[in-house]
Amino acid sequence: VAAAQLGPIQLAEGREVAVARMVRLMERAHARGVQLVVFPELALTTFFPRHHHEDRAEADRWFETAMPSNATAPLFAAARKFGITFHLGYAERTPDGHHYNTAILVSPEGDILLKYRKVHLPGHAEFDPKRAVQHLEKRYFEVGNLGFPVINAPAGDLSGVNMGMLICNDRRWPEAWRMLGLQSVELALCGYNTPSLNQSAAGFEAPHLRVFHSHLSVQAGAYQNATFAVACAKAGTEDGCELFGHSIIVNPQGEITAMATSWDDELITADCNLDMCTLGRTTIFAFDKHRRPEAYDRITGQVGATLPPRWEGK
Ligand code: CDT
C-alpha cells in the first residue's frame with residue numbers, strides 16, 4: 001500500500017493541477033509495485049474550509065457533483081492502466097443539494113467499492129474574528145449519514161480485504177475506530193489536512209505535539225483494533241497556512257512502518273501482511289470474549305461530559 005501525500009494546493013490552482021500531480025504519484029506507485037494508493041482528505045483543491053464565504057452557495061465551487069467527472073477522469077484512467085485501487089477524499093454535493101466531506105475507495109475497473117462521509121466535523125459554522133485562520137467545516141458540510149462502513153473487496157493480489165475509512169478529525173475519536181474494529185477491519189484508510197498551529201486561540205500547543213497527537217491517535221487506533229492503517233496528509237504552506245504532513249502507515253502492533261519526511265508530494269509505501277491482524281484480534285482484543293457493552297452505556301447515551309459526584313467525606 002502507499003500513502004500519496006500531497007504538497008500544498010494553492011487557492012488559485014484548479015483541479016487539473018492537483019489531478020496531474022496525483023497521476024504522477026500513481027505512476028510512481030506502479031513502478032514500486034503498489035496495489036492500493038491513499039490520497040488525502042479534500043485532495044482536489046486547497047483546504048477551502050479555511051476561507052469564509054458569507055453566502056454558503058459561493059462555496060459550491062469547491063464541491064464535486066459527479067464522480068468521476070471530467071476533472072477526475074484521469075485518476076480513474078490511471079487506476080485502470082496500472083491496476084491500482086485508490087482512495088480519494090473530496091467535497092461532495094449530492095443531486096438533492098446535500099454537502100459532505102467524503103472519501104471513496106475505487107477499484108482499478110472504476111467501481112466505487114466504498115463511500116464514507118465524515119462524521120466528526122471540527123471547527124465552527126460562523127466567521128470567528130479571534131482566529132487568524134478559519135476552520136469552517138461545520139459551515140460547509142453536513143454530518144456524514146453513512147455510518148462507518150467496512151467492505152470486504154478485492155485489493156491487489158487479494159480477493160478480499162476488510163477495508164474501512166475515517167476522515168481526518170475522525171482519527172482522534174476511539175469510537176470511530178471501534179466502529180471499524182467491530183466490523184473486522186484489516187486496513188483503515190484516512191486522509192487528513194491538519195494545520196501545524198492550533199488557531200483556536202484557546203491556549204498554546206507546540207507544533208511537534210500536533211504531529212505527536214496525530215500519530216498517537218492512528219497508532220492507538222490501529223493497535224486497539226488490530227488493523228493496518230494508512231493516514232495520508234496534505235502538507236506544506238497552502239494559502240499561507242501550514243499543514244504538518246507526516247503521513248504514516250501503521251501495522252496492527254501500532255508501529256509506524258513508513259513515514260513521509262517532506263512537505264511535498266511524496267509516496268511512502270509498506271508491505272501489509274494481513275496475517276498480522278490475527279494476533280490482536282484473537283488475544284488481547286478478542287472482542288467477542290472481552291468486550292463489556294453493558295458497561296459502556298455512556299458512550300452512546302451521552303454527548304458531553306457530566307461532572308462526577310462530590311465525595312462528601314466520612
Ligand atoms: N480536517 C480536519 O479535520 N482537521 C482537524 C483539525 C481541526 S483544528 C480546528 C484535525 O483533527 O486534524
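Is Arg-15 buried or exposed? In this predicted model, local features are reported at pLDDT of at least 70 and side-chain atom pairs only at pLDDT 80 or more, whereas totals for chains, interfaces and linings use all residues. Residues are numbered from 1 along each chain as its sequence is written, and side-chain values use heavy atoms, with hydrogens and water left out.

Arg-15 is buried, with a relative accessible area of 19%; buried denotes under 20% relative accessible area, exposed over 50%, and partly exposed the range in between, with a 1.4 Å probe and protein chains only. The residue lies in helix α1 (residues 15–31). Helices (H or I, at least four residues) and strands (E, at least two) are DSSP runs numbered from the N terminus. A polar atom of the Arg-15 side chain is placed 3.4 Å from the backbone oxygen of Trp-62. Such a polar contact is a pair of N or O atoms within 3.5 Å; within protein, one atom must be able to donate a hydrogen and the other to accept it, and residues adjacent in sequence count only if both atoms are side-chain atoms. When residues up to four places away in sequence are not counted, Arg-15 touches Leu-44, Thr-45, Arg-61, Trp-62, Phe-63, Glu-64 and Ala-71, contact being defined by heavy atoms within 4.5 Å.

The ligand is surrounded by Glu-41, Phe-47, Lys-118, Pro-122, His-135, Glu-137, Cys-168, Asn-169, Arg-171, Arg-172, Asn-193 and Thr-194; a residue belongs to these surroundings if one of its heavy atoms lies within 4 Å of the ligand. By residue class, this shell divides into three nonpolar, four polar and five charged residues. In this classification, Ala, Val, Leu, Ile, Met, Phe, Trp, Tyr, Cys and Pro count as nonpolar, Asp, Glu, Lys and Arg as charged, and the others, Gly among them, as polar. An N or O atom in the side chain of Arg-172 is 2.7 Å from an oxygen atom of the ligand. A nitrogen atom of the ligand lies 3.1 Å from a polar side-chain atom of Glu-137, and a backbone N or O atom of Asn-193 is 3.2 Å from a nitrogen atom of the ligand. Of the 360 Å² of accessible area that the ligand has on its own, the protein covers 90%; accessible areas come from the Shrake-Rupley method with a 1.4 Å probe, and for residues only the protein chains shown count as cover.

In helix α4 (residues 174–181), the buried residues are Ala-176, Trp-177, Leu-180 and Gly-181. Viewed down the axis of α4, these buried residues fall within an arc of 145°, so they line one face of the helix; the arc is that of the directions from the helix axis to the C-beta atoms. An α-helix has 3.6 residues a turn, so residues three or four places apart point the same way. The packing partners of the buried α4 residues are β6 (150–155), β7 (158–167), β8 (187–192), α5 (207–224), β9 (228–233) and α7 (287–290).

The loop between β5 (112–117) and α3 (137–140) contains Gln-134, which is buried at a relative accessible area of 6%. A polar atom of the Gln-134 side chain lies 2.7 Å from the backbone nitrogen of Asp-128, and the side chain of Gln-134 also reaches the backbone oxygen of Arg-131 at 3.4 Å. Beyond four places in sequence, the residues that Gln-134 touches are Pro-49, Arg-50, His-124, Glu-126, Phe-127 and Asp-128. Asp-128 is found in the loop between β5 and α3 and counts as buried at 17% relative accessibility. The side chain of Asp-128 reaches the backbone nitrogen of Lys-130 at 2.9 Å. Ala-125, in the loop between β5 and α3, counts as partly exposed at 25% relative accessibility. Leaving aside neighbours within four places in sequence, Ala-125 is in contact with Arg-56, Leu-136, Lys-138 and Arg-139.

Backbone geometry was also examined. A cis peptide bond, with omega of about 0°, joins Met-67 and Pro-68, and Pro-68 is placed in the loop between β2 (36–38) and α2 (73–82). Ser-184, although not a glycine, has a positive phi of about 60°; Ser-184 lies in the loop between α4 and β8 and is partly exposed, with a relative accessible area of 37%. Asp-239, likewise not a glycine, has a positive phi of about 50°. The loop between β10 (235–238) and β11 (241–244) holds Asp-239, which is partly exposed at a relative accessible area of 24%.
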